[in-house]
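Here are some notes on the aromatic contacts and on one group of paired strands. Please read them with the coordinates open.

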Amino acid sequence: MSTNPERLTQSSFKRQLDALGVDGAGPIAVAVSGGADSMCLAFLTKNLNVRALIVDHGLRPESAAEASLTLERLKALSVPAEILTWHHDERPSSNIQAAAREARYELMAAHCRQNGIKTLLTAHHMNDQAETFLLRLNRGSGLAGLAGMVPKRDLENGLTLVRPFLQHRKEQLLEVLKHNSIEWIEDPSNTSETFDRVKARQMLDEPPLKGLTTERLAHTANALGRARRAIEHYVTVWLHTRVDFQEAGYAGFAAESLTTVPEEVGLRALAHLIRFASGQPYGPRFEKLERLFGSLAQQGFGGATLSGARFVSVGGGQVLVLREQAAVAPRAAIAHTTVWDGRYHVEINDNEKWHDLEIGPLEERGAQQVKSELGDQLTIPRDAVLSMPGYFKGDTLIAAPHLGYGDLDKRLPVLTHRWLTSSESGKKTYRGVQ
């Protein structure tokens, strides 16, 4: 990947969006922090059917004022904009940037869903790609991580994330702002050596080795991305043909089948299985995944737990992948819309009648209650049953829909229950490559 020599203008940028399959008639959302990159993106989209989304993260005292200032600057550019506020009880104690990033995307995705917006643009550029490559290399990431960011990927509910600047250096974005006399906000965290990304940026400014440039690292990430997509094809084939997925949130496969594919394919397939069972958006560190892969390949595998998923040997070389019971989310009251444990989606419309209804794991007590009524009709493995959701009023189990216990239509006429799909839960599962 080399720097795009074409000067960034609204017309050249529109051609890039067309090449990425983005309908300029929109509606389109643009993530705007107020910094240089996102202000450039907002300016270049101003003639499209666009809405800028500004997230006030509240992590610094001046964040609200900065969000308001950005809103005024966007109005001066004739860009419709809205401030979304992240409400949190206290400042995250660790991994602050990651927590804020996750909250930003959740807020923007919810806004897009509520307003029928199917495309979200972000201003990640070539420098970001190179920095991300270094950070992931430092963490020991495998091919999936080193392949870096893709120009286009699916998020949730039909929302598509598009990064149109990945072939452009930051300097090109600054040139647009200076040429059009557009101001931006400098976030002090962008120069704080507390954050590893800043250290990576400084290293690229003064590389310790000749040739260790932003362009070369971004090109390497792009090449690895092609390799990743090829491997993902074979991962998908293995998962579709070798794994028995159950909508109740568990799956089964023959451990020996992992030996029929190259190790890289098997490792990535295991990561998909873990995300499927755990409801978590990310898999484990590569080193831990390698240890699990080695254990599964050995005779007499006795079971393992990793990243909220359990691998249980059930004899005959068969392995079940389940939700780890100790990691399951606790009981929670059901609001109008509730996502529980990252795996299940519930909607309830009569909050007054069902104000005390809760969703939570069946655990031993609930499993025994179901067993006493269904008897031999209960064919789902017991280990899987314990972490499945039940609907409770106090200590009374009202329904366990995956087990056929309780009549939701009669007992809970205002409740809809469905297992989250891969895109809605944020997981990358066998259903598609992202």
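The points below concern a predicted model.

1. Aromatic pairs. Searching the whole structure gives 3 aromatic pairs. In one of them, Phe 13 and Phe 165, the ring centres are 5.6 Å apart and the planes stand at 55°, so this pair is tilted. Phe 13 belongs to helix H1 (residues 10-19), while Phe 165 is in the loop between strand E6 (160-162) and helix H7 (170-179), so the contact ties together parts 152 residues apart in sequence. Phe 13 and Phe 165 are both buried.

2. Trp 238 and Phe 253. This aromatic pair is edge-to-face, with 5.9 Å from centre to centre and 70° between the planes. Trp 238 is in helix H9 (residues 214-242) and Phe 253 is in strand E8 (residues 250-254), so the parts tied together here are 15 residues apart in sequence. Trp 238 and Phe 253 are buried.

3. Strand E8 and its partner. E8 runs antiparallel to E11, and 4 bridges join the two. Within this pairing, Ala 251 has Val 321 of E11 as its bridge partner. Strand E11 (residues 318-323) is mostly covered, with 5 of its 6 residues buried.

4. The hairpin. E11 also pairs with strand E10 (residues 309-313), in the antiparallel sense and over 5 bridges. Ser 313 is opposite Val 319 in E11. E10 and E11 make a hairpin with 4 residues between them, and Gly 315 in the turn has a positive phi of about 90°.

5. A charge over a ring. The charged end of Arg 331 sits over the ring of Phe 392, at 3.8 Å from the ring centre.

Terms used. Residues numbered from 1 in each chain as written. Predicted model: local features only at pLDDT ≥ 70, side-chain atom pairs only at ≥ 80, totals over all residues. Heavy atoms only, no water. Phe/Tyr/Trp six-rings, centres within 6.5 Å; stacked < 30°, edge-to-face > 60°. Buried < 20%, exposed > 50% of the residue type's maximum accessible area, 1.4 Å probe, protein only. Lys NZ or Arg CZ within 6 Å of the ring centre and 35° of its normal. Pairing = 2+ DSSP bridges.
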